[in-house]
Amino acid sequence: MQEIINDNNIKYIFMWNGCQIIDKAAKQIANIQNIKTLYFEIANINGKTFVDPKGTNANSQLFDSPEILKQYNVNLNEYNKWKENYLREKFANHIVKQSYNKYSNKIEFCINRLGDIFITKFFSMNNLVSKIKEFLLYKTINFKYDNYDYKNRKYIFFPLQVSNDTQILIHSDIGIEKALEFAVIEAKKNNCDLVIKPHPAEKNSKFVENLLKKKQKEKFYFVNENTFRLIQNAKLVITINSTVGLETKIMGKTLKVLGRALYANFNQYDIAAYIQKYLIDIDYFDNARIDIKIFNKILNLR
């Protein structure tokens, strides 16, 4: 390993998300060799990427020290113009970009599995068999949505996250089932309906099966309306640590956060600083070249 580092003059290690075993190993090597690490994650804000020197989400430096945002000189007029345009676009058409079929590109799947065998040192036959079974048994989950008059009914909105998302598995002390139980109780307490929007990227059929059983018992509603319109009309939004929580904060609506979320205690100034200054101007879904000034800004993060 020392020879590889020396031969390639490695000064930085970039990691996506930072929650995989190989990321943990890379971080340990970086600590021993005094190599700077940077962690990247989708920001779910158009044209923005989250980058942090310590980790992502609840593992990040920002989570530990949210006062970092106070150091930025924020132009609130500029932020309010951005917010106005952002909400106009989202009210018109809200699409979750991560909702693509992860097995739509079969060539990519095969390359990844070959990488397991010939490139990484972590290959196991059990893991390969598991991945092949997942691939062969994969099917799109079609939710049956309710015809719900969200504009004229009083409701609490609970947007679902992907059941195996690291945001829940690693960055929360509460899972979806417990969060759902909380939302059911909160809706009854406030004499409201409970409206749930399933995540379009959910592929765990067993999770969905259990969710449907719960739905029959508790009588909540599945909807597939524009998320921002659902936030706008809700009495309360409940989330574990979904980006919908940040969107709720941007809109100035009442929010209850059940997990460990960066934005949980953000005020409007913090949100403006986070979006305008902290996030990096890179669109994960765009193949455009990264400006050298932006790249240097990433390298200089402390």
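Buried here means under 20% relative accessible area, exposed over 50%, and partly exposed in between, with a 1.4 Å probe and protein chains only.

This is a predicted model, so to speak in its own terms: local features need pLDDT of at least 70, side-chain atom pairs count only at pLDDT 80 or more, and totals for chains, interfaces and linings use all residues. Residues are numbered from 1 along each chain as its sequence is written, and side-chain values use heavy atoms, with hydrogens and water left out.

View 1. Asparagine 17 isn't a glycine, yet its phi is positive, at about 75°. With a relative accessible area of 11%, asparagine 17 is buried.

View 2. Asparagine 57 is another non-glycine with a positive phi, about 55°. Its relative accessible area is 12%, so asparagine 57 counts as buried.

**View 3. Glutamate 186, in helix 8.** Helix 8 covers residues 176–189. Glutamate 186 counts as buried because its relative accessibility is 15%. Leaving aside residues up to four places away in sequence, glutamate 186 touches Ile156, Leu236 and Ile238, where contact means heavy atoms within 4.5 Å.

**View 4. Zooming back out to the protein.** There are 13 helices and eight strands, and 44% of the 302 residues are buried.

Conventions
Helices (H or I, at least four residues) and strands (E, at least two) are DSSP runs, numbered from the N terminus.
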